Amino acid sequence: MSELNNHMEECLSIVRALSESIEEGNEDEVDRLLDEITKLRESSLFQEVGKLTRQLHETLNSFQVDSRILSLAESDIPDAKERLNYVITMTEQSANITLNAVEKALPISEQLKEQSSSLEKKWDRFRQRQMPVNEFRELSGEIGEFMVWTARNAEHLHEHLSDVMMAQDFQDLTGQIIRRVINMVQEVESGLVELIRISGQRMITVEKSGANKNSIEGDGPRIPGCESHKDRVSGQDDVDDLLSSLGF
Amino acid sequence: MKILIVDDFSTMRRIIKNLMRDLGFNNTSEADDGKTALPMLQAGGFDFLITDWNMPGMQGIDLLKAVRADPKLATLPVLMVTAEAKREQIVEAAQAGVNGYVVKPFTAATLKEKIDKIFERIESAK
């Protein structure tokens with residue numbers, strides 16, 4: 001208000017000086033004062049343009065939030081679904097590789113146990129000198145075969161254990177994928193919060209203008225199935241949902 | 001031969017460590033990103049570096065560049081083992097002076113092949 005008064009007083013003083021100058025016939029002074037009035041006009045014009053520019057800038061910023069959310073919904077979320085499906089595939093593969101290797105390795109360890117305990121019994125009899133020469137020849141052949149078998153199967157065990165180890169690489173790869181999805185979810189969350197903040201402001205202004213038009217009159221309890229009551233909440237849960245959708 | 005294995009996932013470090021032991025390299029140390037690895041390398045004693053690319057803190061590519069920029073480490077053989085598989089990334093690693101590039105998931109045979117190749121080249125360059 002005082003700004004406006006200042007402005008008016010400034011105008012008034014210039015106009016008074018102008019009329020004096022005209023009466024005096026001072027042409028230079030008249031020109032100078034006219035210029036001054038024009039400048040006053042221009043400065044308030046600049047202020048208006050400034051305000052408009054600011055509004056435009058803010059609107060464009062809110063558009064940027066909207067378009068980011070659009071790209072999240074259009075590409076990032078389907079992409080995240082793909083990524084998570086890939087995580088399921090990879091963990092399943094690793095589990096299968098591991099289980100296959102274990103299923104191959106277990107019989108080897110069982111055979112190893114059986115053969116060595118059978119040889120041990122015979123070896124004990126030999127050490128106690130209870131074994132005839134013929135039988136010892138047989139045992140010596142068995143020991144030879146057992147050593148060849150052990151060497152070969154030790155290699156197989158090594159292979160199976162290596163398979164189990166390599167199958168654990170899923171933890172690194174799926175971990176990286178899940179980290180990225182977590183980052184995306186966080187971005188969606190902050191985008192939604194921002195959107196609610198912006199649209200929440202608009203909703204508040206809409207409510208205000210609506211309230212001005214037709215002030216809230218009592219309308220009685222909600223009637224189920226009533227066409228004009230369609231815009232009403234159906235219970236406390238709806239109220240809570242609505243509030244929570246607005247960020248409360 | 002002393003080897004430094006750099007990866008932010010401990011499971012991957014263990015896998016590489018075990019594979020290296022299978023190949024006859026028993027002397028390995030571990031670091032979980034470039035920031036921890038660089039001072040270990042600068043302290044000396046390492047003959048080979050195996051590093052991931054994508055790590056928090058200091059990334060593998062930056063570790064590689066830091067190694068090449070350090071006169072004491074400039075000739076250290078570096079093998080990159082990473083899930084980063086974009087062409088431009090592989091080109092960047094090559095330009096930064098990487099000696100080998102293995103893309104995850106990899107097999108024990110692939111790792112062996114790349115390591116053998118690196119040592120072959122070093123031998124023939126002598």
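**The interface of chain A and chain B**

Mentor: Across the interface of chain A and chain B, four residue pairs are found in polar contact, with both residues of each pair at pLDDT 80 or more. On the side of chain A that touches chain B, the elements giving two or more residues are helix H3 (133-167) and helix H4 (170-213) of chain A. H4(A) provides the largest share of that side, seven residues. By residue type, the side of chain A that touches chain B comprises three nonpolar, six polar and four charged residues. The model is a predicted one.

In terms of contacts, 13 residues of chain A meet 18 residues of chain B. The two chains bury about 1300 Å² between them, and 60% of this area lies on carbon and sulfur atoms. Of the area that chain A buries against chain B, 39% is supplied by Met165(A), Met166(A) and Asp172(A), more than by any other three residues. Asp172(A) also takes part in a salt bridge with Lys104(B), in which the closest N and O atoms are 2.4 Å apart. Two salt bridges are found across the interface of chain A and chain B.

The aromatic pairs may be taken next. Over all chains, a search of the whole structure finds five aromatic pairs. In one of them, the rings of Phe126(A) and Phe136(A) have centres 4.5 Å apart and planes at 20 degrees; the pair is therefore stacked. This pair links distant parts of the chain, since Phe126(A) lies in helix H2 (residues 27-127) of chain A and Phe136(A) in helix H3 of chain A, 10 residues apart. Phe126(A) is partly exposed, with a relative accessible area of 30%, and Phe136(A) is likewise partly exposed, with a value of 30%. Together with Trp123(A), Phe126(A) and Phe136(A) form one aromatic cluster.

In chain B, the rings of Phe48(B) and Phe119(B) have centres 5.3 Å apart and planes at 40 degrees, so this pair is tilted. Distant parts of the chain are again linked: Phe48(B) belongs to strand S3 of chain B and Phe119(B) to helix H5 (residues 108-125) of chain B, 71 residues apart. Phe48(B) counts as buried because its relative accessibility is 0%.

Strand S3 (residues 48-51) of chain B also holds Thr51(B). Thr51(B) counts as buried because its relative accessibility is 1%. Leaving aside residues up to four places away in sequence, Thr51(B) touches Val6(B), Gly60(B), Leu63(B), Val78(B), Leu79(B), Met80(B) and Val81(B).

Notes
Residues are numbered from 1 along each chain as its sequence is written. Chains are lettered from A and ligands numbered from 1 in the order in which they are written. This is a predicted model: local features need pLDDT of at least 70, side-chain atom pairs count only at pLDDT 80 or more; totals for chains, interfaces and linings use all residues. Side-chain values use heavy atoms; hydrogens and water are left out. Contact means heavy atoms within 4.5 Å. Buried area is the accessible area (1.4 Å probe) that two parts lose on being put together, summed over both. A salt bridge is a side-chain nitrogen of Lys or Arg within 4 Å of a carboxyl oxygen of Asp or Glu. A polar contact is a pair of N or O atoms within 3.5 Å; within protein, one must be able to donate a hydrogen and the other to accept it, and residues adjacent in sequence count only if both atoms are side-chain atoms. Helices (H or I, at least four residues) and strands (E, at least two) are DSSP runs, numbered from the N terminus. Ala, Val, Leu, Ile, Met, Phe, Trp, Tyr, Cys and Pro count as nonpolar, Asp, Glu, Lys and Arg as charged, and the others, Gly among them, as polar. Buried means under 20% relative accessible area, exposed over 50%, partly exposed in between (1.4 Å probe, protein chains only). Rings of Phe, Tyr and Trp (its six-membered ring) pair if their centres lie within 6.5 Å; planes under 30 degrees apart count as stacked, over 60 as edge-to-face and the rest as tilted.
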